[in-house]
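Here is a brief report on one protein chain. Look at the sheet, the core and the aromatic rings in turn.

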Amino acid sequence: MWRKYILTILLSTPTFYNALEYSVLLKPCLYMIVDLLVPYLIKLHGKLPRWIGNASFLERLVLSNNGFEGFIPMEFCKLNSLDFLDLSQNHLSGSIPSCFNPPNIEHVHLHGNRLRGPLSLAFYNSFSLVTLDLRGNNLTGNIPKWIDTLSSLSVLLLKDNHFHGEVPVQLCKLHSLSIIDLSQNMFSGPIPSCLGNLSLPLKEKESLTTKLYLPFIERDESTSIAMRKLVRDINPYYPTSYLEEVIEFTTKSGFYSYKGDILSYMTGIDLSCNNLTGHIPPELGNLSEIHSLNLSHNKLTGVIPSSFSKLHQIESLDLSYNNLSGEIPNQLVELNSLEVFSVAYNNLSGSIPEPKAQFGTFIENSYEGNPFLCGVILHKI
């Protein structure tokens, strides 16, 4: 009886430069592929091959940082075994197929393309989805109300699109959420107070890695070792253990990549650069595990909640470029983990917090643009 092997295919031969030539190479073994990966040193271009949709065992598809253009093929909706998809940093356009809803999908990275249109029903009821990264596209419309069907969602990155409407309260039902980035869109209306009910749980390490094992039907140890050696000989960049989930998030006035154990402990909400109005909900002070909160560049009014003194793990708090008024709560000096703090360009008045603990490190650019603030302000040396 012949053995049926499920292989990991790495498109690593530099003599092939476009998707058409690869399709000729791989079509005969579609039923065997579980991983389809392109190393960083290889650059492909052309349209995404429709035949990939016939790879019924395909679990991981990584074609990021290439020159693919055109639409995401409707045939990809047939990839029912897919759990990891990375098509980021290409030139893909059109809408995300509304039929794209693999039952076991966990991680989706489509950032840095030219995708447009609303989300419609793409990803609807994807209860296994952990990461949804759609940053840097031209997506429009509201965040769909069915977002709460993504019950395992931990990372939601929608930065730098054209989404509008209100931030939906349905986000508050996603109890696994730990990183939310809705910045650089056109969201309006109030910040939902129920966001303060999010527990921002620490993620289990297993949800952050996608194993790249070479599973075999009717496998044995000697065959497994031989096949791994074959793949490594073909491509020295083959990762022998796992493909790490990498999340990019802006915090502490910088752009950071998080992976591995550090990602497991990262929690943050970025609603900056929108048109949000109303008061900052005091309930956000209940986010005791949050590390980064950015509400800057909106149209928020009212006072800074004194409840923010309960944000014991916060490292970066940015409330700049709003219309906030009143005093800066002196209780904020209790935030011993705070590294970056800005309330610049508001309408704040009264005394700045005592220059002790972390507040003894913040210089004038944390407070500038508030002509009615008084007190001792440290200057940059």
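The text below covers the sheet, then the nonpolar cores, then the aromatic pairs.

This is a predicted model, where local features need pLDDT of at least 70, side-chain atom pairs count only at pLDDT 80 or more, and totals for chains, interfaces and linings use all residues. Residues are numbered from 1 along each chain as its sequence is written, and side-chain values use heavy atoms, without hydrogens or water.

An open sheet holds 9 strands, paired in parallel, in the order β3-β5-β7-β9-β11-β13-β15-β21-β23. Strands are DSSP runs (E, at least two residues), numbered from the N terminus; two of them pair if DSSP finds at least two bridges between them. β3 (45-47) and β23 (299-301) are the edges; each has a single partner strand, so one side of each lacks a neighbour in the sheet.

The largest nonpolar core has 82 residues, and L110 and F123 are among those with the most contacts inside it. Such a core is a set of buried Ala, Val, Leu, Ile, Met, Phe, Trp, Tyr and Cys residues joined through side-chain atoms within 4.5 Å. Apart from it lies another core, of 6 residues, including L157 and M266.

There are 8 aromatic pairs. Rings of Phe, Tyr and Trp (its six-membered ring) pair if their centres lie within 6.5 Å; planes under 30 degrees apart count as stacked, over 60 as edge-to-face and the rest as tilted.

| Pair | Type | Centre to centre | Between planes |
|---|---|---|---|
| F100 and F123 | edge-to-face | 5.9 Å | 85° |
| Y321 and Y345 | stacked | 4.8 Å | 20° |

F100 and F123 are both buried (under 20% relative accessible area; exposed is over 50%, partly exposed in between; 1.4 Å probe, protein chains only). Y321 is partly exposed, at 39%. Y345 is partly exposed, at 36%.

Definitions and conventions. Helices (H or I, at least four residues) and strands (E, at least two) are DSSP runs, numbered from the N terminus.
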